[in-house]
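Here are a few exercises to work through with the model open beside you. Try each task before reading its solution.

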Amino acid sequence: MTRAPDAPAGGRAPAGAASRFVGAGSLPDTRGHHLLVAALSIDTLGVGLFLPLAFYFFTVTTDLPVSGVGLTISAATLGALALSPLGGLLTDRLGAKRTVVLSNLLSATGYACYPVADSYLGIFGCVLLVMAADRLYFAGWPTLITSVSKPGQLDSWFALIQAVSAGSLGTGALISTIFLADQGTDALRVIVLVNAGTCVVAGALIAACRVQPAAKAPADASAARPTRRQAFADPAFRRLLLSQLLIAAAWTVPAAFLPLYLTKVLHLGQWYATLVFAVNYLLLFVAQLWVTHRVRRARRTRVVLAGAGLLLTSLALTSSAAGFTSWPAAALVFAGVAVYSFGEMLVSPSSYALVAALAPDELRGFYMSLFQMTGAVAFGIGPGVAGLLFDFAPMSVPVAVACCVTAGAFLLYLGEGRFPASAQRRREVEEIVTEPLVSAP
């Protein structure tokens with residue numbers, strides 16, 4: 001995880017540089033929430049081991065065709081979409097912490113069944129359970145982070161979580177790369193079981209940690225209680241959902257397209273599939289906080305649009321690799337992955353912060369669950385569509401994704417005026433935290 005400066009041996013850390021770093025929006029105040037961040041690190045370490053191989057796994061461990069595997073995964077993912085609103089309701093009623101713990105246990109169960117799935121029905125059942133867990137997880141986690149965030153630190157918190165997740169995911173992907181290079185295909189089953197184990201450990205840590213919500217402004221007793229209908233009536237939120245539904249097509253490229261592209265089109269080793277993930281995560285870990293700090297004065301919608309432009313550039317670079325062989329092709333893919341990473345750094349934290357800023361406190365879980373459906377739809381449709389397009393013409397996949405990202409960015413640009421100023425700007429630009437960040441034990 002990203003650490004604050006070490007405290008002097010005799011006591012507290014100085015309030016100077018560290019405090020200015022927090023106040024500038026680069027690093028949020030994580031006091032009292034370190035165990036929460038540690039749980040996320042362990043969980044995403046396991047995910048990093050297996051995520052680059054999630055679609056590739058069943059194409060290797062079974063004799064089923066790529067298109068059939070892709071359609072089965074898509075069907076299971078789309079089947080879990082119905083649980084997205086339920087995840088929001090559980091988060092708002094049971095609490096974000098309990099929802100996240102439950103999602104970890106369900107996910108561990110699903111991954112543990114992956115090695116024995118050798119039919120379409122078995123694949124469908126395993127993926128459905130994992131995707132259902134994800135719907136709970138991604139409704140609970142952003143809500144949990146929003147509840148502990150101090151006023152004005154939403155972007156910084158989401159950037160920190162992105163960076164910590166990327167560091168763990170990258171480490172996992174790197175370990176997976178080394179393991180696959182030495183052991184080959186048989187190691188895939190070991191990797192997925194390790195992933196299941198990290199889900200259990202992370203769930204136990206979250207259950208044990210004490211979540212201390214940040215102080216919020218008192219609610220106006222005379223104000224009408226918000227209803228779920230409000231989410232659908234909010235023009236800014238509707239515009240954001242639709243644009244993100246299209247831009248989210250880009251998130252499916254690393255898992256649904258790159259492994260097949262690298263091995264079947266560029267004829268590179270299977271370990272390249274995990275190596276490009278490791279590069280992506282390493283860049284996110286190293287640069288996410290810095291990038292979020294650099295764009296702190298920009299409107300959040302403009303940050304998302306800039307990120308979409310980088311995603312399109314990355315698709316062009318990656319596609320151009322098809323005209324080369326060996327190392328030149330690999331170099332172009334890695335250049336595309338690097339640009340993709342910076343696009344992700346711009347789009348993801350700002351999008352989450354926009355949702356959190358638009359949502360009433362009482363409905364934040366519901367808003368987050370609806371927002372997460374945009375990615376769920378993309379991941380649900382992505383493998384099936386990518387499999388069909390890849391079997392037809394491999395290079396049609398990045399073309400289709402580029403069309404979706406362009407349309408999503410255009411819709412967001414046209415609807416910028418619908419977003420209130422309070423959701424567009426970050427208040428921490430004008431805030432300075434003067435308390436020390438770290439205390440000696």
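## Exercise 1: Confidence

Task: Find which element of the protein has the lowest mean pLDDT and which has the highest.

Solution: In this predicted model, helix α1 (residues 17-23) has the lowest mean pLDDT among the elements, at 38, while helix α14 (residues 300-320) has the highest, at 94. Now step back to the whole protein: its mean pLDDT is 77, and 81% of its residues reach 70 or more.

Next, look at two stretches.

## Exercise 2: Overall make-up

Task: Work out how many helices and strands the protein has, and what share of its residues is buried.

Solution: Begin with the secondary structure, which comes to 18 helices and 0 strands. Then turn to burial: of the 441 residues, 54% are buried. Finally, take the contacts between residues at least 6 apart in sequence; 86% of these join residues at least 24 apart.

## Exercise 3: α6 against α7

Task: Describe how the axes of helix α6 (residues 96-113) and helix α7 (residues 120-148) cross.

Solution: Two packed helices are described by the angle between their axes and the distance between the axes. For α6 and α7, the axes come within 8 Å and cross at roughly 155 degrees. Angles over 145 degrees count as roughly antiparallel, so α6 and α7 are roughly antiparallel to each other. As for handedness, α6 passes α7 in a left-handed crossing. The residues of this contact divide into 14 nonpolar, 8 polar and 1 charged.

## Exercise 4: α6 against α9

Task: Repeat the analysis for α6 and helix α9 (residues 187-208), and say which residues meet.

Solution: First the geometry: the axes of α6 and α9 come within 8 Å, crossing at roughly 160 degrees. These two helices are therefore roughly antiparallel to each other, and α6 passes α9 in a left-handed crossing.

Then the residues. On the α6 side, those in the contact include Lys-97, Val-100, Asn-104, Ala-108 and Tyr-111. On the α9 side, they include Val-192, Asn-195, Cys-199, Gly-203 and Ile-206. By class, the contact of α6 with α9 has 13 nonpolar, 4 polar and 1 charged residues.

Definitions and conventions
Residues are numbered from 1 along each chain as its sequence is written. This is a predicted model: local features need pLDDT of at least 70, side-chain atom pairs count only at pLDDT 80 or more; totals for chains, interfaces and linings use all residues. Side-chain values use heavy atoms; hydrogens and water are left out. pLDDT is the predictor's confidence in each residue, from 0 to 100. Helices (H or I, at least four residues) and strands (E, at least two) are DSSP runs, numbered from the N terminus. Axes are lines fitted to C-alpha atoms, for helices over the stretch in contact, and angles run from 0 to 180 degrees between N-to-C directions. Angles under 35 degrees count as roughly parallel, over 145 as roughly antiparallel, 65 to 115 as roughly perpendicular and the rest as oblique. A crossing is left-handed if the near helix is turned anticlockwise from the far one by less than a right angle, and right-handed if clockwise. Ala, Val, Leu, Ile, Met, Phe, Trp, Tyr, Cys and Pro count as nonpolar, Asp, Glu, Lys and Arg as charged, and the others, Gly among them, as polar. Buried means under 20% relative accessible area, exposed over 50%, partly exposed in between (1.4 Å probe, protein chains only). Contact means heavy atoms within 4.5 Å.
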